[in-house]
Amino acid sequence: METITVKPQFSEAAQAEIKRLLTHYPDDRRKSALLPVLHIAQAEFGGWVSPEVQDLVAETLGLKPIEVYEVSSFYTMFNLKPVGKHVLEICRTGPCMLRGSDELTAHLERITGAKVGGPASADGLFTLKEVECLAACGFAPIVQVREKYYERLDTPEAVDAMLTELRNQVHRPALPWEETGLPNALANN
């Protein structure tokens, strides 16, 4: 039996937001909108940008697919494989390591069941990702989840409080363009 692949398409609201973004750039500089359009794509398509979604971004901006692949694979803020509802970005640089980021990572792996660089936790809630400096060295060790920093995660109690807060979120926080009504695949996750 032949499998039919459905080509991803942006929602009308996402298309309107992309059109609005493109007004900020000259017509011959559409590539300048690549980062914000990738953010929209990631929000719209389940928290990650598959090769098919990257192709859609390339088509939307009139770019070669490789131009999108290069950018999306360079920046750690873009997820290239499926992720859980909450992506926990764990700072792994010197100050955080000195304050216990290795122990934090091991504790998060134990308690969530997710592994750094691996798939999401079995319940689909958490993905663990090590990242470079989050510029909050005075509050180490630190984890970023979307736009929020969780600081001083040097005790099991602090980590458990963060995870409880995240588990209790019925909906994830709205992204800036969603306040004007942009729907996306994560809205009810």
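**Aromatic pairs and overall build**

Two aromatic pairs turn up in this predicted model; rings of Phe, Tyr and Trp (its six-membered ring) count as a pair if their centres lie within 6.5 Å. Planes under 30 degrees apart are called stacked, over 60 edge-to-face, and the rest tilted. With centres 5.7 Å apart and planes at 55°, the rings of Phe10 and Phe45 make a tilted pair. This pair ties together distant parts of the chain, 35 residues apart: Phe10 sits in the segment before α1 (12–22), and Phe45 in the loop between α2 (34–44) and α3 (51–61). Both Phe10 and Phe45 are buried, that is, under 20% relative accessible area (1.4 Å probe, protein chains only), with exposed meaning over 50% and partly exposed in between.

Then there are Phe74 and Tyr75, whose ring centres are 4.9 Å apart with planes at 90°, so this pair is edge-to-face. Phe74 is exposed, at 62% relative accessible area, while Tyr75 is partly exposed at 33%.

As for the chain around them, the protein has seven helices and four strands, in the order α-α-α-α-β-α-α-β-β-β-α from the N terminus. Helices (H or I, at least four residues) and strands (E, at least two) are DSSP runs, numbered from the N terminus. Of the 189 residues, 43% are buried.

Residue numbers start from 1 along each chain as its sequence is written. Local features need pLDDT of at least 70 and side-chain atom pairs 80 or more, whereas totals for chains, interfaces and linings use all residues, and side-chain values use heavy atoms, leaving out hydrogens and water.
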